[in-house]
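Colleague: Can you walk me through this one? I have the viewer open.

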Amino acid sequence: MKARIKVTLKNGVLDPQGKAIEGALGSLGFSGVASVRQGKLFEVELMETDPAKAKAALEEMSKKLLANTVIENYAVELDEK
Amino acid sequence: MKSGVVVFPGSNRERDMLIALEKITGKKPAYIWHADTELPDLDLVVLCGGFSYGDYLRTGAIAARGHIMPAIARAAGKGVRVLGICNGFQILCEAGLLPGVLMRNAGLKFVCKEVKLQVANADTDFTRKYRPGEIWRCPVAHGDGNYFADTETLKRLEGEGRVGLRYAEGTNPNGSLNDIAGILNERGNVFGMMPHPENMIEPLNGATDGRALFESIMEAVA
């Protein structure tokens, strides 16, 4: 079973990397970019076949390691095929 | 004082720290490998600087979940002094032994230079040999030293005197909130700081301003 975990910075947390990317887009001539925030995407393959169990495991992984919940939010997406 | 330095794959300041501790305490510190699950009997555990696990995922994130960490948390719970320098500070935050997080420097650049530190609280086990408000010289070398915590946490840290050190006015190298350079846990026995006092202990370093930090801990555990 495949899954994606999206980790993004919480609102209000300064993102200097996003700001630098925003600036670079502007200097490449892309006008009208209001803001850029940088995040992370994890693609995880699980042996688990039960979607509920897989989802629970992925939540645990996100909380314990993949995201630092002081500054980051996470969202788990499961490919239920 | 019985001290020990914890080494993870990618730590690179352990030698400086081992030398500094031996010179100042007169006793050979223990070398503690990350895969160990028990600590020897110590008064002070130091997590040194470097790039544990290549800073993968987030600085200190992987090391903070390493085999030795439960033993360090247990020791901290018993009141053993724990000092995290640079990557060690990042690891302590990731492990939840200190609040907040060290983010990418606001200027996005790795900074390697000398800064001035001001003692924000001289009534701690890590700063008691300094005068209140004393300003001292210390090098920094990091890319992720930008201290961040939510407003509530920051208010508590300030209110409880848990900000031990600040970058003196105008020398904040990384954008840290409230110019925070070093903080304490609630009990006051765990301290994390980004600058490197172990590199400011003998005349060859240009100054000996960092010695008092180690001497503070020696006095506290005596």
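Colleague: Which residue just after α1(B) takes a positive phi?

Modeller: Gly26(B), with a phi of about 75°. This is a predicted model, where local features need pLDDT of at least 70, side-chain atom pairs count only at pLDDT 80 or more, and totals for chains, interfaces and linings use all residues. Residues are numbered from 1 along each chain as its sequence is written, with chains lettered from A and ligands numbered from 1 in the order written.

Colleague: What does chain B average for pLDDT?

Modeller: 97, and 100% of its residues score at least 70; pLDDT is the predictor's confidence in each residue, from 0 to 100.

Colleague: Back to α1(B). Which residues does it cover?

Modeller: Residues 14–25 of chain B. Helices are DSSP runs of H or I, at least four residues, and strands are runs of E, at least two, numbered from the N terminus.

Colleague: Which of its residues are buried?

Modeller: Glu14(B), Met17(B), Leu18(B), Ala20(B), Leu21(B) and Ile24(B). They cover an arc of only 165° around the axis, so they sit on the same side of α1(B). The arc is that of the directions from the helix axis to the C-beta atoms. Buried means 20 or more other C-beta atoms within 10 Å of the residue's own, with C-beta atoms placed from the backbone.

Colleague: Now chain A. In what order do its elements run?

Modeller: β-α-β-α-β from the N terminus on.

Colleague: And how much of chain A is buried?

Modeller: Buried residues make up 11% of its 81 residues. The C-alpha trace of chain A spans about 45 × 30 × 15 Å along its principal axes.

Conventions. The expected span of a helix is 1.5 Å times one less than its number of residues. A residue is buried if 20 or more other C-beta atoms lie within 10 Å of its own, exposed if 12 or fewer, and partly exposed in between; C-beta atoms are placed from the backbone.
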